[in-house]
Amino acid sequence: MIDMPEEKRKNLKILVVDDESQVLEVLQSLLEAEGFMTRGAVSGAAALETVCSFLPHIVFLDIKMPEMDGIECLKKIREMAPETVVVMVSGMATLDMAKQSLRYGAFDYIEKPFNFEHIREVIRQISVTHFIDIL
């Protein structure tokens, strides 16, 4: 469990975006088990719609997706919801992708297969640096 008050966990909204439904379901289930409100999206277009309707605090965003890749989606999220923190996720990571993600405003970059302890730590860091007054 993430060392965060229960009320803060319950109010933290997280969007998981991945075109691989199994990855999406596993990460979303793990986050829900931690007590977070979550939504899932299987494409960049669906992610943008969900950002508008759900107003997530954090987005875990896959880089390699058909139609709209994660970098393009990241740019649009930064325009639409600059306060939303985006963490990029990829199984086909390159150093260039990681640098590009950070350059366009991603908070962090996580490689698949991900370690859930690392994801917990990233959420804890985000909650300390970004959401002290919000939640």
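Reply: The model is a predicted one, in which local features require pLDDT of at least 70 and side-chain atom pairs pLDDT 80 or more, while totals for chains, interfaces and linings use all residues. Residues are numbered from 1 along each chain as its sequence is written, and side-chain values use heavy atoms, without hydrogens and water.

Me: With which residues is Val 59 in contact, leaving aside neighbours within four places in sequence?

Reply: Contact means heavy atoms within 4.5 Å. By that criterion Val 59 is in contact with Leu 15, Val 17, Val 51, Ile 77, Thr 84, Val 85, Val 86 and Val 87, once neighbours within four places in sequence are left aside.

Me: What makes a group of residues a nonpolar core?

Reply: The members must be buried Ala, Val, Leu, Ile, Met, Phe, Trp, Tyr or Cys residues joined through side-chain atoms within 4.5 Å. Buried means under 20% relative accessible area, exposed over 50%, and partly exposed in between, with a 1.4 Å probe and protein chains only. The largest such core has 22 residues, and those with the most contacts inside it are Val 17, Val 59, Leu 61, Ile 77 and Met 88. At least two of its residues come from each of β1 (13-17), α3 (44-54), β3 (58-62), α4 (70-80), β4 (85-90) and α5 (95-103); helices (H or I, at least four residues) and strands (E, at least two) are DSSP runs numbered from the N terminus. Helix α4 gives the most, with four residues. Another core, of 19 residues, lies apart from it and includes Leu 24, Ile 58, Val 87 and Ile 126.

Me: Why is Thr 38 called buried?

Reply: Thr 38 has 6% relative accessibility and therefore counts as buried. This residue is found in strand β2 (residues 37-41).

Me: Which side chains make polar contacts with the side chain of Thr 38?

Reply: A polar contact is a pair of N or O atoms within 3.5 Å; within protein, one must be able to donate a hydrogen and the other to accept it, and residues adjacent in sequence count only if both atoms are side-chain atoms. The side chain of Thr 38 makes such a contact with the side chain of Gln 28 at 3.3 Å and with that of Glu 32 at 2.6 Å.

Me: What is the strand order of the open sheet?

Reply: Five strands form the open sheet, in the order β2-β1-β3-β4-β5, with parallel pairing. The edge strands are β2 and β5 (108-111), each of which pairs on one side only.

Note on methods: Two strands pair if DSSP finds at least two bridges between them.
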